[in-house]
Amino acid sequence: MDKDIRLEVEFLATDLTEMLMEHYGWDMQKALDVLYGSETFAKVNDPECKLYFQGPVYVFSFLRKEIETGKLG
């Protein structure tokens, strides 16, 4: 993964972590553990999917569905 994509992923991860903390009331460690262990984040890191170009609210909708249903939407 090139440097620009990695930067996009890092910015998105920061936003998603904050959104998880706010939405679920989790501390940072719990939010990071869930995010990094999710199938959604695996897709964000997949250059073929290009999910890293999407906004955090859009990606969070997939992450919420995965958390709440146990499967990626």
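In the predicted model, helix α1 passes helix α2 in a right-handed crossing. The two helices span residues 3-24 and 28-36, respectively, and their axes come within 9 Å, crossing at roughly 120°. This angle makes α1 oblique to α2. On the α1 side, the contact is made by Ala13, Leu16, Thr17, Leu20 and Met21, and on the α2 side by Met28, Ala31, Leu32, Leu35 and Tyr36. Classified by residue type, the contact comprises nine nonpolar residues and one polar residue, with no charged residues.

Threonine 17 is located in helix α1 and takes part in the contact with α2. With a relative accessible area of 7%, threonine 17 is buried, because this value falls under the 20% cut-off.

The largest nonpolar core contains 15 residues, of which Val9, Leu16, Leu20, Leu35, Phe41, Val44 and Val59 touch the most other members. Two or more residues are contributed to this core by each of α1, α2, α3 (39-44) and α4 (56-69). The greatest contribution comes from α1, which supplies six residues.

Beyond its neighbours within four places in sequence, leucine 20 is in contact with Gly25, Trp26, Ala31, Leu35, Phe60, Leu63 and Ile67.

Conventions. Residues numbered from 1 in each chain as written. Predicted model: local features only at pLDDT ≥ 70, side-chain atom pairs only at ≥ 80, totals over all residues. Heavy atoms only, no water. Axes fitted to C-alpha atoms, helices over the stretch in contact; angles between N-to-C directions. Helix = DSSP H or I, 4+ residues; strand = E, 2+ residues; numbered from the N terminus. Parallel < 35°, antiparallel > 145°, perpendicular 65-115°, else oblique. Left-handed = near helix turned anticlockwise from the far one by under 90°. Contact = heavy atoms within 4.5 Å. Nonpolar A, V, L, I, M, F, W, Y, C, P; charged D, E, K, R; others polar. Core = buried A, V, L, I, M, F, W, Y, C linked by side-chain atoms within 4.5 Å. Buried < 20%, exposed > 50% of the residue type's maximum accessible area, 1.4 Å probe, protein only.
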